[in-house]
Amino acid sequence: MALASSRFLLRTQAHRATVKNHSNSIARTSTPLLHTQRSYYSPYRDPIRDKTVHMTLSRGVNVLHDPLLSKGTAFSIDERERLSIRGLVPPRCQEMDKQLLRVKRNLDGCDSPIDKFVFLAALQDRNETLFYKLVIEHLEELAGIIYTPTVGLASEKSHSIYRRSRGMYFSSQDRGNMSAMVYNWPHDEVDVIVVTDGSRVLGLGDLGANGMQIPIGKLSLYVAAGGIRPRAVLPVVLDVGTNNKTLLNDPLYLGMGHPRLDGEEYYSFVEEWVTAIMTRWPNVLIQFEDFKYPHAYNLLNKYRDRITCFNDDIQSTSAITLAGILAALKARGLSQEDLSNERIICVGAGSAGVGVCEGIIDCMVAQGKVKSREDAYRRIYMLDQHGLLGNSAVAAGDPSRIMQGPERVKGSLDERQLCYVKPDLPDRMNLEELIEQVKPTVLLGLTGIAGVFTEKAVRTMAQHNEKPVIFPLSNPDTHAECTAEQAFKWTDGRAIFASGSPFDDVQLPNGKIGRTNQCNNSYSFPVSTSSNSGVGLGVVISRASRVTPEMFLETARAIADIATPSQLKEGILFPGVSQLRNVSSKVATRVCEVAYQQGLAQKSLKEGEILGEFVEKSMYDPEYVPLVHHHQ
């Protein structure tokens, strides 16, 4: 159930804050005047410190070449003197507003999205403060460049456009050395790691070590939309090989040139990596990203109760999709409590499809409108590449065996997928036939295959619904199950539409606008981005020891509540991308509430500050702060 209050009165313990009551205040933390590049003073450094003076051990060209320290032309005369860089930069001091004018003008001169991606990557490599200021000020324009859809093409071309290393690579040739390797990272403080094995990159499949562009892009959104400190994030690739023959045969490919590890060899590799990470950063939040099924579920189930972690494709995508469905209920004049009355078809039975549906099931059960979890499963119909997960006996025409279970799936589906099998419907029933029979109110696509939502299927759905809810969620846009234009055309402009990658609004024949929504995990991540980044920010600020299902449920509810009645009437389910930081703050506040309520928060806090205000103060803001050389 939703939390009743957003304010808590907390009291300090050694390394833990627990809920005292649901009153109007939360702890106030003092703000030190100085902080250093390393954690000299405290194992838990307050994010607010990055907004004051910054002390560094670096001097001279090392300052200019460090993207976390460099100000480009904005160093003051005093800084140039004390950091020994006088004469190493042009004499005229130009503040950030002039720098932004220069880089935006050059960015606009780039011919294609991939050219803009390369330009922004180069800017990030030399001046992260300026990079994030540019992204935040033009977030709606640039979110699709630093992440989907452009990051998909960048991932495919990663080995060709490689210029400078970012993040860490742990490969099959590093077995036995990972615990030492983690100390090669130059920063003692890491709050968030996004890690991938490159096995299921967006809807593009196995891209091996090229998958590094995904953690880099996700963490860029974490910082820009979620307010996580850029010096406290770490993108990681687990290079266990690739089965992509094109990459294996490409002389420029930078990853390991052998087929993927699998089975026990694969899981022992991941175990060594997790152990190494926990040795150096025991409190870090790990986000598993773009792992193929069933590894995604197996790793989540193995580590969710051992370390602070979550799987983006399973849990964050689930949260933002649930938020979209809850908002769509309100847009149709219904209540969020009517969720259990929906008839939902999910096309896609992989980790993302099952994860999304499990989040919907969790919400149905939490609302108390279903008799049991098994009762909730009856509301969702799942299809894999063969069709409906149904009963092969029905297809064989033997009614006496209908309730004996699905013969086809006994050996081919795992226990999670088996929950969605429909014993009273034919196995492998196609989408068009299923829509005709069950008359769904919601259609979800998580296949990674363009065109799965056919014209006949969508038109049939529209015959039975005044406002059909159509969510083609696969990335990038070229792999979406249908386009926005198709969805509105085939429903006569009546669809409530959300997609994984951005689509432009559609001009309808009647002069109205068909509104599109982007339903990916950036909201959650920082709406899906704000989902992700909001969850990450909340976990980091509260120092939660675990990430729980209740956090994602609260995330979905928080995002679903943001759109105004007038926006919902137009078909707008989520706030615009330009509001991601505001949404992330609201989500983070709700996540912190859950952490304190469940006794998972480890952050030591003092009395006197409102939780929402504390979250906002803790968010990273890309502004230049004075640099001081620290003498050891």
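Is Arg 543 buried or exposed? Arg 543 is buried, because its relative accessible area is 10%, and the cut-off for buried is under 20%. The points below take this predicted model one topic at a time.

1. **Confidence.** The chain has a mean pLDDT of 87. Of its residues, 87% reach 70 or more. Residues 1-44 are another matter: pLDDT stays under 50 there. The model still gives that stretch 148 contacts beyond four places in sequence. Residues 401-406 also have pLDDT below 50. Their count is 14 contacts beyond near neighbours in sequence. Where pLDDT is low, predicted coordinates should not be read in detail.

2. **Arg 543.** Back to the opening residue. Arg 543 sits in the loop between helix H22 (528-542) and helix H23 (549-560). Its phi is positive, about 55 degrees, although Arg 543 is not a glycine. Most residues other than glycine have a negative phi. Please look at this loop in the structure.

3. **Asp 492.** Here is another positive phi. Asp 492 is not a glycine, yet its phi is about 55 degrees. The loop that holds Asp 492 runs between helix H21 (484-490) and strand E17 (496-499). Asp 492 counts as exposed because its relative accessible area is 59%, and exposed means over 50%.

4. **Cis peptide bonds.** Most peptide bonds are trans. The bond from Thr 148 to Pro 149 is cis, with omega near 10 degrees. Pro 149 belongs to the loop between helix H6 (139-146) and helix H7 (150-156). The bond from Tyr 293 to Pro 294 is cis too, with omega near 5 degrees. Pro 294 lies in the loop between strand E8 (285-288) and helix H13 (295-303).

5. **Helices H10 and H25.** Two packed helices are described by the angle and the distance between their axes. Take H10 (residues 213-226) and H25 (residues 580-597): their axes come within 8 Å and cross at roughly 90 degrees. So H10 is roughly perpendicular to H25. On the H10 side, the contact uses Val 223, Ala 224, Ala 225 and Gly 226. On the H25 side, the residues are Leu 580, Arg 581 and Ser 584. By type, the residues of this contact are four nonpolar, two polar and one charged.

6. **Cysteines.** How many disulfides does a search of the whole structure find? The search finds zero. Cys 93 is partly exposed, with a relative accessible area of 33%. Cys 419 is partly exposed as well, and its relative accessible area is 33%.

Key:
Residues are numbered from 1 along each chain as its sequence is written. This is a predicted model: local features need pLDDT of at least 70, side-chain atom pairs count only at pLDDT 80 or more; totals for chains, interfaces and linings use all residues. Side-chain values use heavy atoms; hydrogens and water are left out. Axes are lines fitted to C-alpha atoms, for helices over the stretch in contact, and angles run from 0 to 180 degrees between N-to-C directions. Helices (H or I, at least four residues) and strands (E, at least two) are DSSP runs, numbered from the N terminus. Angles under 35 degrees count as roughly parallel, over 145 as roughly antiparallel, 65 to 115 as roughly perpendicular and the rest as oblique. Contact means heavy atoms within 4.5 Å. Ala, Val, Leu, Ile, Met, Phe, Trp, Tyr, Cys and Pro count as nonpolar, Asp, Glu, Lys and Arg as charged, and the others, Gly among them, as polar. pLDDT is the predictor's confidence in each residue, from 0 to 100. A disulfide is a pair of cysteine sulfur atoms within 2.5 Å. Buried means under 20% relative accessible area, exposed over 50%, partly exposed in between (1.4 Å probe, protein chains only).
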